[in-house]
Amino acid sequence: MCDTCGCGEPGNGFLITRMNRDGSHEHLPGEGQGEGHTHTHDHTHGHVHSHEAGHEHDHEHEHHHHHHHGETSHGHVHNTEKKIELEVDVLSKNNLLAERNRGYFEGKGILALNWVSSPGSGKTSILERLVEALGKEMNFYLIEGDQQSLLDAERISKTGVPVVQVNTGSGCHLDAAMVQQAVRSLNPSGHGILMIENVGNLVCPALFDLGEHFRVLVASVTEGDDKPLKYPDMFQTSQVCLINKTDLLPYLDTDVKVLKENALRVNPSLEIFEMSARTGEGMELFYGWLRGKMKK
C-alpha cells in the first residue's frame, strides 16, 4: 500500500493553502508546526512542509520490518504479518479520524462529498459549473487535492466560494487528517455542501474514508467503457457515478451503455448520471439529486 506509493516516505508532508478573495493566498501550518506561521504570497510554490513526529497521518513505515539474525551472518527475513498489521493500523487510525470528521459535518449541517476520478476526467470543470449554477441557493465549501500547484484552487476561487488547496507532495490521495486540517482552515459557518476534490487516482483514494457522506466518482467517456472492470474497488466504494464529456461521444468508440452495464455489474446500487461539463447537458439531473440530499 503506502510503502509502494510513496505516502509513507520520511519528510513527505502536505501543505494547506487558503485562497483569499483578493487573489492572494496563505500557506497554513500543519499540526505541530507552531502557530503564527502563515504568510501571504502571490505566486505558487513547489515545496511541501514536513510533518512533525506523532502526526495523525504518519504512516510509521520506517523501521517496521524485523531483522532476524540466525547462525548465518546477515540474512534478512521480512516479517509479512507485521507489515500487514501496520497497514491495517494506518487505516484504522484514518477511519477513526474520518468518523470524527463525519460527526463534525453532521453537527454543522454540512453535506460532504468526496470527488474521485482518474486525472483529467473533468472534476474541476463539473465543480465550477455546479457552484455557478447553485451558488445562490446553497453554501459551498471546497477542498482541492493535488500533488503540487494551486491551479485548481485558483480556478474555483474565481467563483467566489471558500476554497483551500491541499498539496500532498508525493502522496497519491487525501486522508482524513488532511481533510480535518483543511476544514479548520475553511472554518465553514454551517449548513452547506463541502466538495472534496481528491487527487486524480483510481486506486489509493478508494482505501481512505475522509468522513464524507457520499463518494462521487467521475468517469470520462474518453477513458473507455472498461474502467469499472479494471478498477473495481473505486466503483464498489462509490455511491454516485458521473459519466462526463458525453459531448465527445461522436468522436469516440466508447459505448456508454456498456460503461453503465460494467459499472452496475461491479456495484449494482451505484447511481449514474450522464453529463457534459462543457455544454451543461445532463447536469440538471445531478443538481436535483443534490437538492434532494440537502433537504434531508
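**View 1. The side chains of D247 and R278 meet in a polar contact in this predicted model.** The two side chains come to 2.9 Å of each other in this polar contact. D247 lies in the loop that runs between β9 (240-244) and α8 (256-266), and its relative accessible area is 18%, which falls under the 20% limit, so D247 counts as buried. When its neighbours within four places in sequence are left aside, D247 is in contact with S276, R278 and T279.

**View 2. Strand β5 (residues 140-146) is largely enclosed by the rest of the structure.** This description holds because 7 of the 7 residues of β5 are buried. In a regular strand the side chains alternate between the two faces of the sheet. In β5 both faces are covered, with F140, L142, E144 and D146 buried on one side, and Y141, I143 and G145 buried on the other.

**View 3. V199 is a buried residue in the loop between β7 and β8 (214-220).** Its relative accessible area is 7%. Although V199 and C172 are 27 residues apart along the chain, their C-alpha atoms are separated by 6.3 Å. Not counting residues up to four places away in sequence, V199 touches S117, G145, D146, T168, C172, H173, L174 and P205, and of these G145 and D146 are buried residues of β5.

**View 4. The largest nonpolar core has 31 residues.** Those with the most contacts inside this core are L113, W115, F140, M195, L242, F286 and L290. The elements that each give two or more residues to the core are β4 (110-117), α3 (123-134), β5, α4, β7, β8, β9 and α9 (283-295), and the largest share, 6 residues, comes from α9. A second, separate core of 18 residues includes F14, V179, V183 and I196.

**View 5. What surrounds M195?** Leaving aside its neighbours within four places in sequence, M195 is in contact with L113, W115, L127, L130, F140, Y141, L142, I143 and L290. Among these partners, L113, W115, F140 and L290 are, like M195, listed with the most contacts inside the largest nonpolar core.

Conventions. Residues numbered from 1 in each chain as written. Predicted model: local features only at pLDDT ≥ 70, side-chain atom pairs only at ≥ 80, totals over all residues. Heavy atoms only, no water. Buried < 20%, exposed > 50% of the residue type's maximum accessible area, 1.4 Å probe, protein only. Helix = DSSP H or I, 4+ residues; strand = E, 2+ residues; numbered from the N terminus. Contact = heavy atoms within 4.5 Å. Polar contact = N/O pair within 3.5 Å; in protein donor to acceptor, adjacent residues only side chain to side chain. Core = buried A, V, L, I, M, F, W, Y, C linked by side-chain atoms within 4.5 Å.
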